[in-house]
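Work through the exercises below with the sequence and the structure open beside you. Try each task before reading its solution.

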Amino acid sequence: MVNVSDEPVLISQTGELRGQRWQLQAEELLIGRGADCDMVVADRQVSRHHARLWRSEEGYFVEDLGSKNGTHVNGAPVKAPVLLQDGDVIQVALAAKFTFVGTEATVPLSMSEASELGLGRLRMDAEAHRVFVLDQEVDPPLSPAQYRLLSLLYDNANRVVSRTEIVRRVWPDSEEEGVSEQAIDALVRRLRDRLGEVDPAYSYVVTVRGHGFRLDNPS
């Protein structure tokens, strides 16, 4: 039997935190890159203290703490505290997205399954850093750079990812100008080759000329 809480829940949609949940039992939840945060998002786009959620008699609010790259709710920038509604999506810079669910009892099974298993021919297990294509694990595992690139594409499966975003995710400690287009192309080529070892009949990483790359992951 599963114990279900009446407390609101945050569910991570992206990155290494994908599928993780946080029950909002405390009066305040601090989000940021700093080790003292309640929810640590280890990405240089995220400020040390980026945003916070806090509870009032009306419900839970989210506010941006003067971060460099901003906080959004359902795509709108957070300029003042926003009262959260069931199903709202909170975006922290470009690094992470979280769904606010009014109570854990309202989390649909399909959302839970999608977070843990992913959708399509290719799926990623973020907690174990494992990749599966047609239910066959990619073995040996992808290199750290290949995994970070695939994770970025996987988390943004419905849009084109720019080269700038790739540099930020794959080489977070490098200056953008210090990573050549040839290095990005070589990494994309190696990732395609590794996925092709399992499914040679399909190309998952698509080049969109002049814009970047996207993941083609059919069901």
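This is a predicted model: local features need pLDDT of at least 70, side-chain atom pairs count only at pLDDT 80 or more; totals for chains, interfaces and linings use all residues.

**Exercise 1.** Find the order of the strands in the six-stranded open sheet, and its edge strands.

Solution. Step 1: going across the sheet, the order is β2-β1-β11-β10-β7-β8, with antiparallel pairing. Step 2: β2 (21–23) and β8 (76–77) each pair on one side only, which makes them the edge strands. Step 3: inside the sheet, β1 (residues 9–12) and β11 (residues 96–101) are joined by four bridges, and Val9 stands opposite Val101.

**Exercise 2.** Describe how β5 pairs with β3 and with β6.

Solution. Step 1: β3 (residues 28–32) and β5 (residues 51–55) are antiparallel, with four bridges; Leu29 faces Leu53 in this pair. Step 2: β5 and β6 (residues 60–64) are also antiparallel, with five bridges; here Ala51 is opposite Asp64. Step 3: four residues lie between the strands of the β5 and β6 hairpin, where Gly59 has a positive phi near 145 degrees.

**Exercise 3.** Which parts of the chain does the salt bridge between Arg52 and Glu28 tie together?

Solution. Step 1: the closest N and O atoms of Arg52 and Glu28 are 2.7 Å apart, within the 4 Å limit for a salt bridge. Step 2: Arg52 is in β5 and Glu28 in β3, so the pair ties together parts 24 residues apart in sequence. Step 3: Glu28, Arg52 and Glu63 are linked in a salt-bridge network.

Key:
Residues are numbered from 1 along each chain as its sequence is written. Side-chain values use heavy atoms; hydrogens and water are left out. Two strands pair if DSSP finds at least two bridges between them. Helices (H or I, at least four residues) and strands (E, at least two) are DSSP runs, numbered from the N terminus. A salt bridge is a side-chain nitrogen of Lys or Arg within 4 Å of a carboxyl oxygen of Asp or Glu.
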